[in-house]
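Let's take a walk through a protein together. Keep the picture open beside you as you read, and stop to find each part as it comes up.

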Amino acid sequence: MATRRAGNDRESVLIDATLTCIAREGISAATVRNIADYAGVTNGLIRFYFKSKDGILQAAYRRFLERLFEAAHGTIDGDDMTACERLERYLLANLSPPIVTPDSLLLWANFLPLTHHDNAMADIRRHWYDRTTRAFRDLIHEALKEHGHSPSDTELQRLSIAVNGLIDGLWIEGALSTESFDIHELQAIGLDAAARLLDIPLSRSSA
């Protein structure tokens, strides 16, 4: 048990070093040697855990997207909220740090080209995009039901894609403008636009 935990901890350190390397120097600098320098280990240790540079890049991309998802999804745990409150909290979390940060945008932009010619990276992107869209779909469905609406599956899918796209666009805008953009203004814009798309009130959309 202790050995397995130590191995998992070491893998986590190597993945974090990879993400730090990419955020600071770009994906082209994420060589095994450079990642090893960031982690303070030998090249051989990286190859022991991940076999290749592709292996550690895939692990890092998976960890990055998982963290973004969990940062938002973790805010809606519990049963003490109405459906609209859960949707609102999820929207706000997606428009807040640690999701809306320059580092998050830099990592996303560096990983994205790899997903167009690497099947494993494309599968990772598709998996987490599907999970995010499904989360929006479920939250939107419950919020609409709370207001007496019964959308078809097709309409619900279109709404979840639209709201997800809206939040993605505002995320990029906010991450690019963190020094001049008021995060509360960004959130108010997002809630107001989502409320208009869904034709339901969200309590902070006028904040």
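Start with one residue on this predicted model: is Asn119 buried or exposed? Asn119 has a relative accessible area of 64%, and a residue counts as exposed over 50%, so Asn119 is exposed. You will find Asn119 in helix H7, which covers residues 119-146. Now look for Arg62: 57 residues separate Asn119 and Arg62 in sequence, while their C-alpha atoms are 14 Å apart in space.

Next, turn to the stretch that UniProt, in an unreviewed entry, lists as "domain: HTH tetR-type", residues 8-68.

The largest pocket holds about 470 Å³ of space. Its lining is made of 19 residues, and those closest to the centre are Leu65, Leu68, Trp108, Thr132 and Asp168. Two or more lining residues come from each of helix H4 (53-73), helix H5 (83-94), H7 and helix H8 (153-176). Sorted by class, this lining has 14 nonpolar, three polar and two charged residues.

The second largest pocket has about 220 Å³ of space. Among the residues that line it are Asp16, Phe64, Arg67, Leu68 and Ser104. Helix H1 (2-25), H4 and helix H6 (102-111) each give two or more residues to this lining, which divides into seven nonpolar, two polar and three charged residues.

Where does the second largest pocket lie? Domain 1 (1-50) and domain 2 (53-206) both give residues to its lining, so the second largest pocket lies between them.

How values were computed
Residues are numbered from 1 along each chain as its sequence is written. This is a predicted model: local features need pLDDT of at least 70, side-chain atom pairs count only at pLDDT 80 or more; totals for chains, interfaces and linings use all residues. Side-chain values use heavy atoms; hydrogens and water are left out. UniProt positions are given in the numbering used here, feature names are shortened, and annotations may be inferred rather than shown by experiment. Helices (H or I, at least four residues) and strands (E, at least two) are DSSP runs, numbered from the N terminus. Buried means under 20% relative accessible area, exposed over 50%, partly exposed in between (1.4 Å probe, protein chains only). On a 1 Å grid over the protein atoms alone, a cavity is a set of points where a 1.4 Å probe fits but cannot get out, and a pocket is an open set with protein on both sides within 12 Å along at least five of seven lines; lining residues have an atom within 4 Å of a point. Grid points are joined across faces, edges and corners, and a volume is the space filled by probe spheres set on the points. Ala, Val, Leu, Ile, Met, Phe, Trp, Tyr, Cys and Pro count as nonpolar, Asp, Glu, Lys and Arg as charged, and the others, Gly among them, as polar. Domain bounds come from an automatic or database domain assignment.
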